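Me: I have not worked with this structure before. Could we go through it step by step, in questions and answers?

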Amino acid sequence: MADEETETEDGAEGEEKAKKSPLKLILFIGLPVLILLLAGVGGFLLFSGGGDDAAEHADSSHGESGGDGHGGDTHAAAEQHAEPHYFDLREGDGEVETITTNIRSSDGRPVLVQLKLCFESTNPEMESILQSHVDPIMDQFIMFLRELREDDLYGSAGMHRVRLELLRRVNLAIEPAQVDAVLIQEFLIVD
């Protein structure tokens, strides 16, 4: 009789194992397969979804604006290919403006920075705009330069950041007109 009870207990454990194994099989095999399938569909949609909008936009612009075949942006295309003009920052008497200001040094000694700048623009009337806004431009530049430390100016990355910030500030000062680039003609750090 004891043998029969053990067999029924073993049989009951075998049935429980049989009941648990399909659930474990679904969880350990089915769930990762489902996750991989969803990730594959998401990746496909992510990488294949962007090309149609650009093609539709290009097709829609060909039918507009009276038969020249270039859409409505012929003026913008002409400005893109226009020759750049270069303008120096000049004082009221016509002298080229040299920006001189002091900056912070790491050890407290006085450090001066001198800059001569040139502006690039495709707009040939930019010189008169720059002349009429010399004071706000200078104010923006000097405020920016005085916030710098001596270490911020060294290296090509430092000079690139300075040029980008000067471009941003000159465009703020002459809004709505825009300068295309700021070129540093002369840069001197005096200890």
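Me: Leaving aside neighbours within four places in sequence, which residues is Thr101 in contact with?
Reply: In this predicted model, Thr101 is found in strand 2, residues 99–103. With neighbours within four places in sequence set aside, Thr101 is in contact with Val111, Leu112, Val113, Ile142, Leu145 and Arg146.

Me: Is Thr101 buried or exposed?
Reply: The relative accessible area of Thr101 is 2%. Buried means under 20%, so Thr101 with its 2% counts as buried.

Me: With which side chain does the side chain of Thr101 make a polar contact?
Reply: Arg146 is among the residues in contact with Thr101. A polar contact requires N or O atoms within 3.5 Å. At 2.9 Å, the side chain of Thr101 makes such a contact with the side chain of Arg146.

Me: At what angle do helix 5 and helix 6 pack?
Reply: Helix 5 covers residues 134–147 and helix 6 covers residues 155–173. Helix 5 passes helix 6 in a right-handed crossing. Their axes lie 9 Å apart, and the packing angle is about 145°.

Me: How many residues of the contact of helix 5 with helix 6 are nonpolar?
Reply: Helix 5 contributes residues including Ile137, Phe141 and Phe144, and helix 6 contributes residues including Val162, Leu166 and Val170. The contact also has 1 polar and 3 charged residues, while the number of nonpolar ones is 9.

Conventions: Residues numbered from 1 in each chain as written. Predicted model: local features only at pLDDT ≥ 70, side-chain atom pairs only at ≥ 80, totals over all residues. Heavy atoms only, no water. Axes fitted to C-alpha atoms, helices over the stretch in contact; angles between N-to-C directions. Helix = DSSP H or I, 4+ residues; strand = E, 2+ residues; numbered from the N terminus. Left-handed = near helix turned anticlockwise from the far one by under 90°. Contact = heavy atoms within 4.5 Å. Nonpolar A, V, L, I, M, F, W, Y, C, P; charged D, E, K, R; others polar. Buried < 20%, exposed > 50% of the residue type's maximum accessible area, 1.4 Å probe, protein only. Polar contact = N/O pair within 3.5 Å; in protein donor to acceptor, adjacent residues only side chain to side chain.
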